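Good morning, and thank you for coming. Please take a moment to look at the sequence and the model.

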Amino acid sequence: YTWSPEGTSPRKWIDQNLTPDLKNKFGITVNRIDAVYEGCDLAPMKVVCTVDEEIKAGKTTTGGSVDLIWINGANFAKMKELGYLYGPFATLIPSAANFDFTDSAIAFDKGIPIDGLEMPYNTAQSVFIHNEITVPNPPKTIPALVAWIKANPGRFTYAKPSLDFMSAALIRHFFLYYAGEGFPGGSKSDLQGPFNAEIYNARAPAVWAILNEIEPSLYQQNGAPFYPDTHDEIRPLTGNETVWIDFSFQHTEASTRILTDNDPWPVHMQGYTMDDGTIADTNYLAIPINAQNKEVALTAVNYITSAPSMFTRATPGTWGALQAFDPEAQEIKEWDVAFNYINRDEATPPVEELAAVRTGDLCIEYVNKINEDWVTQVYNK
C-alpha cells in the first residue's frame, strides 16, 4: 500500500524499478495498491481500518490482505498503539546496517519511538538558504540567526505557521532551541516523544519572546511585519535579493529555483545546514502483524533499503528522493561516488552534511499547539 497517483515519481519507481527487480531477483510479485485517505475513523489512511477489520474478523496473526505499507506519522502511531505491527524487525534484517537507528530523525516518527516496527524508506530535510554575495558567512545556529536578523532588518521573514507547512517547520527550529538546549537546564531530547504539557507551558514563553523580539527586524509591508499566508510568497523576495536568508523543507530548493525557467533565482543562492541541526521528516515501511506473506515482505524491505535500490530512488530522473542512510555505513561507502554524482549540486548541501545534522521532528501535538499559539502569542500580540 503506497501513495502513488498516476504520473507521480513513486509510481514510476515502483512500476519500472522495484517490480521488475523483485521479480527477477527473488520471484516476488508486487501488487501495488494506491493508498486511500478517507473512509477510516482510526487514522488518515484507510488501510489502517482494513487491518483493523481483518484482525477483528479473526485474522490476528496471518491471513491478512496487506503485506507492506508505506507509512509514517498518525498512521504508524495508531497501528503501534493498537498492536497491529509486526516486529520488531527493522534492526534485524541485513540492510539495517545502512542506517543509524540512534539518529533521532530515524528513531522517532513524529515524536513516537519506532522501536524496530518500521524501516526507514525516504526522508525530507530542511535547509536554510543564503545569498553568497550579501551573506558570505551565514549564521550557523539559531541564536546566531536571531542576532543576524536584528543586525540586518528587512532581510528575513516567514509566513504564518498556522497556515503554511514550510514556515511552521521553520518556527519549530526556534522552538527546538529555545525550549530545548537554549532553555536553562533544558535539552532537545526533552522534546522528543509524546506531548508534555508541563514542559510546553514552562518553555514556550521563551520561544514567543524571541519571535516577538525579532518581529521589528523582519521584512515589512505597510509598516507591519510581512507574514504571508504561504512561504511561496516569500520566494520572489529571495529571488530579487530583498530577502537574504530563506528556508525550505526541500534540500534542493536553491538548485531547483536557480535552474527553473520561471523567474530563476540568482546563481549565488546556496543551501546550507545549521550546526545545531535541521529537521528531517523520515517516512517508513511497516508490515502488519497479520500479513499473509511476512517473509516475502521482509525480503522486499531488505532489498528496498539496500544501496542499489536507494540509488535508483535517489536518481533525479526516476524519483530524486533523499535517502535516510548513514553515510558511514560500509555498503553506502562503496556507493559513495555514485550517490555524490547524483546528489551533489553546487547550491545543494552534500548528503554527508545533511546526515550529520539530521534532527527528528516534534510530535503532531506539539506541532499543532505551536501553530495555534503563534497566532495569539506573536501575530495578535
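Let me begin with a term: a residue is called buried when its relative accessible area is under 20%, exposed when that area is over 50%, and partly exposed in between. Please also keep in mind that this is a predicted model.

With that term in place, consider Asp115. Its relative accessible area is 47%, so Asp115 is partly exposed. This residue sits in the loop between β3 (112-113) and β4 (119-125). Asp115 is not a glycine, and yet its phi is positive, at about 50°.

Glu241 is a further non-glycine residue with a positive phi, here of about 70°. Where is Glu241 found? Glu241 belongs to the loop between α8 (235-239) and β8 (245-248). With a relative accessible area of 28%, Glu241 is partly exposed.

I turn now to a feature of the backbone itself. Between Gly87 and Pro88 the peptide bond is cis, and its omega is near 5°. Pro88 is placed in the loop between α3 (74-82) and α4 (104-107).

Next, the aromatic rings. How many aromatic pairs does a search of the whole structure find? The search finds 27. One of them is formed by Phe26 and Tyr303: the ring centres are 5.9 Å apart and the planes meet at 65°, so this pair is edge-to-face. Because Phe26 lies in helix α1 (residues 9-26) and Tyr303 in helix α10 (residues 294-304), the pair ties together parts that are 277 residues apart in sequence. Are these two residues buried or exposed? Phe26 counts as partly exposed, at 41% relative accessibility, whereas Tyr303, at 11%, counts as buried.

Trp70 and Trp319 also form an edge-to-face pair, with 5.7 Å from centre to centre and 65° between the planes. Trp70 is in strand β1 (residues 69-71), and Trp319 is in the loop between α11 (307-314) and α12 (330-334); the pair thus links distant parts of the chain, 249 residues apart. Trp70 has a relative accessibility of 16% and counts as buried. Trp319 also counts as buried, at 16%.

These two tryptophans belong to a cluster. Which residues do ring pairs link into it? They are Trp13, Trp70, Tyr121 and Trp319. Finally, at Trp13 there is a charged neighbour: Arg313 lies over the face of the Trp13 ring, 5.0 Å from the ring centre.

Thank you for your attention.

Technical notes
Residues are numbered from 1 along each chain as its sequence is written. This is a predicted model: local features need pLDDT of at least 70, side-chain atom pairs count only at pLDDT 80 or more; totals for chains, interfaces and linings use all residues. Side-chain values use heavy atoms; hydrogens and water are left out. Helices (H or I, at least four residues) and strands (E, at least two) are DSSP runs, numbered from the N terminus. Buried means under 20% relative accessible area, exposed over 50%, partly exposed in between (1.4 Å probe, protein chains only). Rings of Phe, Tyr and Trp (its six-membered ring) pair if their centres lie within 6.5 Å; planes under 30 degrees apart count as stacked, over 60 as edge-to-face and the rest as tilted. A charge sits over a ring if NZ of Lys or CZ of Arg is within 6 Å of the ring centre and within 35 degrees of the ring normal.
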